[in-house]
Amino acid sequence: MSVTTHDDTHAHDHHDHGPAKGFMRWVTTTNHKDIGTLYLITGLIMFFVGGAMALVIRAELFEPGLQYVDPHFFNQMTTLHALIMVFGAVMPAFAGLANWMIPMMIGAPDMALPRMNNWSFWLLPFSFVMLASTLFMDGGAAAAGWTLYPPLVLQTGHALPFTVFTVHLLGMSSIMAAINIIVTVFNMRAPGMTMMKLPLFVWTWVITAFLLIAVMPVFAGAVTMLLTDKFFGTSFFNAAGGGDPVLYQHLFWFFGHPEVYILILPSFGIISSIIPTFSRKPLFGYSSMVYATASIGLLSFIVWAHHQYTVGMPLAGELYFTYATMLIAVPTGVKVFNWLATMWKGAMTFETPMLYAIAFVVLFTMGGFTGLMMSISPADLQYHDTYFIVAHFHYVLVPGAVFALFAATYYWLPKWTGHMYDERLGKLHFWLTTISVNICFFPQHFVGLAGMPRRIPDYAVQFAEFNAMSSVGAFVFGFSQLIFAYVIYKAIQGGEKASSEVWEGAEAHGLEWHLPSPPPYHSWTEAPAQALISDLH
Amino acid sequence: MKKTLQLLAGFWLVLWGVANAETGSGTGVGWGALNLPAGVTPDSHDIHDLHMTILWICVGIGILVYGILVYSLIHHRKSKGVVPATFHENTKLEIVWTIIPFLILIAMAIPATKVMIKVYDTSASDMTIKVTGYQWKWRYEYLTEGEGKGIDFFSSLDAKSNEARQLGSKIDPATVEHYLLNVDKPLVIPANKKIRILLTAADVLHAWWVPEFGWKKDAIPGFITDGWIKVETPGVYRGQCAELCGRDHGFMPIVVIVKTEDEYKQWVAAEKAKQDAGKADASKPLSLDELVAKGKEVYASNCAACHGLEGEGVPSVFPAIKGSKVALGPLADHVKLVLHGKAAMPAFKEHLSDVEAAAVVTYQRNGFGNNKGDSIQPADIQAYK
Amino acid sequence: MASTTKDAYYIPHKAQWPIFGSIGLSTLLAGFANYLNGHGFGSTMMIVGLGILVTMLFGWFGTVINESENGIFNHQVDISFRWGMMWFIFSEVMFFAAFFGALYYTRVLSESWLAGDSSFSYGSTKELLWQGFTAVWPNNGPGHVGGLEDGTFHPMGAWGLPALNTLILLSSGATVTWAHWGLLAENRAQLIKGLIATVILGFSFVLLQATEYHEAYSEMGLTLGTGIYGSTFFMLTGFHGLHVTIGAIFLTVVLFRSIRGHFTAKHHFAFEAAAWYWHFVDVVWLGLFIFVYWL
């Protein structure tokens, strides 16, 4: 297969000259690497914006009493922090990785639908501006938590319709990105690159994309009902009219549970790429990894109400959702065991990506344990809506999803920029981050079990010590990320030249390592040789 | 790599700490209270035991997983000159580590099911109390004949905590007894009786939670959910609203005083006597100044959260009272709005006594520079109800 | 590696339309939000945004149609388009699933809980909060929200206009298939006739639906605000009607392109996409007819 490129003015292909110059290059680009870069930078910026909000929260919680912000503003911060981290930082960052890596990994010239690819990115800046603008509106931003539960969210001021439309725009963007990824993987694989040869990162993204297409529309529908309940007199969530506020929760979590897997499945793929490389061994149990990912994806559709154990569902419902949720531990366990078996009898080295991958395995497993604990519905009657939950989901999302993103960045940065990053700074970033993240979130298990509810701006004095500790950890964590930004900046600016293989023996782990570092503007203009593909693990 | 090991060791010490921590009261102070309280009801004991069982199972699996990881990290590294193995699957092993977790899960599901069935069994209760969540207070109504039927009151954050928790109050919360965990009027129940708690809400979702009782449940407007408690030991138990319910979600605690059967009977008698006295008060006329003074208190605890202490409101969300059309308009409309509510404004007719309603309306019409000059007497409130 | 060989996967450069789409769509939505918040300028913003959006659609689709007719797309590009369309339709199915889910949940679960005749957990709801409410569908809730003066309303029966509409949509599914046969057999007259019939049937459906709405609002006390019945009825049939309109416009474009001589027996993705979309709205309608109108 070969590639053809067109320009509106020139009939001749333009690709030898590389990309156009200036700002319009980025606005009109259809190139998967350009769009990947845009996504990644957006993700990083939003990570700092959402992080700043987290620091407002942790500053207020440093000691009992209200010192800095009004409780209403505090609630806006918790709401926007979550929405921005989920939709602004983690999802765009994963989409950026998918854009950069999938065509290179499957031997394709670009994504299958390049114009739509541009649109799915360029909806994001507009939606984030819309979301951020709600902070300055009458009544402030939405303050009902990222779940936007009615009836509370219907008390939002002018921000409500803007928040709903932000969700619609983000949903459109995600659905288009997901369609593009699925189509690319189904239709653009190089000859010989069968589905069961795909790197796990590609597999996990295919399943993630399927989840996105299936659940984002449901979320869009649910927030549409919020809008009509508020402005058009419908009664979906109003008992007097025959509706039920809990209906929203069912719709939300039918989206929300697959959504949390959308945030973690690509991480599984990244970790499954990195551990074999630095263990110098093939991934253990490739096909069981694929089946486990698919099982997790399917299970995610039938467990949603475990977020609602306290709404007073009938007993049969509670028990069904308990059993179904517990089942998720089986495929997740398989993944962890496979990673361990991959490291077992390998020849490991510990560069920054590997350090992050190991920390991921350790700390994500911690989040997995607490997850298993709260799947047990009677016990969750205690855990629910406490800091125990906050600790749990931050363990799976920060040392989970975010660490995977750090690992991926260090792993592929030399490929993207053509320069090795500063390993010393990378390690410093790792140790500061890993220690502080635990100082921040580990104590939250204790205050949660001891009875501190979540989403409160002030707390009883017996929780003071652990909250102070947690806040210190949060600030160290937050400022450590400046090192991360600097390492990326430095690698873009220059540094030791990276070879095409970058990491010893990496060529056996993916096609991307056969392209030069940095790779050409169009990845595989000619399909990779069969030998390259058949040599992959 | 040594650092990783130290870190891991650190986790284990901390985990060990959790498991062995004093499992005493959730309202205990400082570093001792690291775990779920063992509780004072049958449900809470069961849930605590279940929690400890799962925790230990997780600790066991954790020792295995992290142990293998640490061993591998120490011995299987390139710097030791290891030549990497090439194996990449082992069907038997993979089947084993799929089936064993499954069996462990079944072992956990059985006790979980038993406990859940017990928690859900609210039948054969001795008395019933209806609990309604409001922004941001609780209302308790006793429904059972002979066990205080007719007692009906609101319970909100106590004045001292409320003063200290204001932004920039300069009051050290440590000096306030039971900061944020104290109320003006606690729920009082008898010990050793099975009490069915019915939950609902007037405005948005709330959740009623006393950790020592073992469970929390959402209060949903328009629906009744329920749970039961049977407290073994008399004492004072504290909890908080556990479902985000707006600005003052963190400031609507729950306090339950559990009395012996005799003490409870005395308390019921005293409450009844107070109720009768209150009815007599309603017929007494009050001066404008008396009404305004009383109204100011009622306003601070019932209206200020939304409409602001100075009647300034929140633009586009909660209307201001200062200079409002309602407060400066016809008296009858004002009274009706307060008693019957409208859209987000709750109805206060059952919430305020006649005296309180008359006082707060009068205060709103004459405070904040409104100076309308008119007033309404407690005796006239009934006509609007 | 020549520029326009048929065996190459076409990768466009310099897409200027997406950014127009983003600007148009966010102007439209921000305008709508301002309008809902009671700001007069909101409606102006909406018109401007819609204008930009429509321009974008013409421009973007125009570009792609030109490329297609110039033979730039090879078979693999065609397959990408097909996969893309299928997954897009799947996302639409899930959007409707949210509203069907809401209908199921309220009809089957929350109604009976409000009326207190389900599991014990909810047994007290009727006794304490909604005395006198019995869960007979259709209803507008224990508070009799909306409806006529006395709080009642007339539900929409299945066997008048809705049955006729079912017949219309099913026939239009047949005519579009007949048009497809014409296209495959290189019979352009049959293609065009089939499409004309489909488009006419499609717009008739919309017209009849509008008549039904008018009747509901003016005589039956059935509005969007008529409790849960009105909410689910109008949101489901309304979003479906919107999709029928979009589908009919889509088919109209395909009709004009057919008249201009576009499409060949082997190369007609746009026709098939329109047809798939049309069958999708057809299937959704069957669901609506059964669960909203009939049962």
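Predicted model: local features only at pLDDT ≥ 70, side-chain atom pairs only at ≥ 80, totals over all residues.
Residues are numbered from 1 along each chain as its sequence is written, chains are lettered from A and ligands numbered from 1 in the order written, and side-chain values use heavy atoms, without hydrogens or water.

So, the sheet. In chain B, five strands make an open, mixed sheet, ordered 4-10-9-6-7. Strands here are DSSP E runs of at least two residues, helices are H or I runs of at least four, both numbered from the N terminus, and pairing takes at least two DSSP bridges. Strand 4 (187–190) and strand 7 (216–219) of chain B have a single partner each, so one side of each has no neighbour in the sheet. Strands 9 (235–241) and 10 (253–259) of chain B run antiparallel, joined by six bridges, and B:Y237 sits opposite B:V256.

Now the interface. Each of chains B and A puts in 105 residues, with contact meaning heavy atoms within 4.5 Å. About 9,000 Å² gets buried, 73% of that from carbon and sulfur atoms; that's accessible area (1.4 Å probe) lost on putting the two parts together, summed over both.

The rule finds two salt bridges across it, meaning a Lys or Arg side-chain nitrogen within 4 Å of an Asp or Glu carboxyl oxygen. B:K78 forms one with A:E504, closest N and O atoms 2.9 Å apart. And helix 3 of chain B gives the largest share of that chain's side, 16 residues.
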